Amino acid sequence: MVIIFVLSVLFYFLVLLQTTLLVYFPFWGILPNFAFIFVLLVSIFEKKKSSLGLFLAIITGFFLDIFSDSYFIGFYVILLAAMVIFVELILKKYTRVAFFK
């Protein structure tokens, strides 16, 4: 429970930083979406039975919807949740855990 709270606060500040300060400093004319990258990394490296990635995708999408200027509330929630579900399906279908003897 503590890890969920800590990651939620971390993603809150990441989205706040991304939507306020990093807009003025694009890298080679491109503004990377760091919230997407970190949600993707959490969903790749989480445990198989954990739903932390999906929960963080919903929370981060909510924060992105609040702080961005999109007209459709829920766009980033749907986008991030679909990305996490897609990654989990790919990892479940095409990867195996190596067991050491």
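Analyst: Pro-32 lies in the loop between α1 and α2; helices (H or I, at least four residues) and strands (E, at least two) are DSSP runs, numbered from the N terminus. The model is a predicted one, in which local features need pLDDT of at least 70 and side-chain atom pairs count only at pLDDT 80 or more, while totals for chains, interfaces and linings use all residues. Residues are numbered from 1 along each chain as its sequence is written, and side-chain values use heavy atoms, with hydrogens and water left out.

Leaving aside residues up to four places away in sequence, Pro-32 touches Gln-18 and Phe-27, where contact means heavy atoms within 4.5 Å. Pro-32 and Ser-70 stand 38 residues apart in sequence, and their C-alpha atoms are 17 Å apart in space.

The axes of α1 (residues 2-20) and α2 (residues 34-45) come within 9 Å and cross at roughly 150°. Such axes are lines fitted to C-alpha atoms, for helices over the stretch in contact, and angles run from 0 to 180 degrees between N-to-C directions. The crossing therefore makes α1 roughly antiparallel to α2 (angles under 35 degrees count as roughly parallel, over 145 as roughly antiparallel, 65 to 115 as roughly perpendicular and the rest as oblique). From α1, Phe-11, Leu-14, Val-15 and Gln-18 make the contact, and from α2, Phe-34, Ala-35, Phe-38, Val-39 and Val-42. Eight of these residues are nonpolar, one is polar and none is charged; Ala, Val, Leu, Ile, Met, Phe, Trp, Tyr, Cys and Pro count as nonpolar, Asp, Glu, Lys and Arg as charged, and the others, Gly among them, as polar.

On a 1 Å grid over the protein atoms alone, a pocket is an open set of points where a 1.4 Å probe fits, with protein on both sides within 12 Å along at least five of seven lines, and lining residues have an atom within 4 Å of a point. The elements that give two or more residues to this lining are α1 and α3 (52-67). By class, the lining has six nonpolar, four polar and one charged residues. About 160 Å³ of space lies in this pocket; grid points are joined across faces, edges and corners, and a volume is the space filled by probe spheres set on the points.

As for the whole, the protein has four helices and zero strands. Its mean pLDDT is 80, and 94% of its residues reach 70 or more, pLDDT being the predictor's confidence in each residue, from 0 to 100. Among the elements, α1 has the lowest mean pLDDT (79) and α4 the highest (86).
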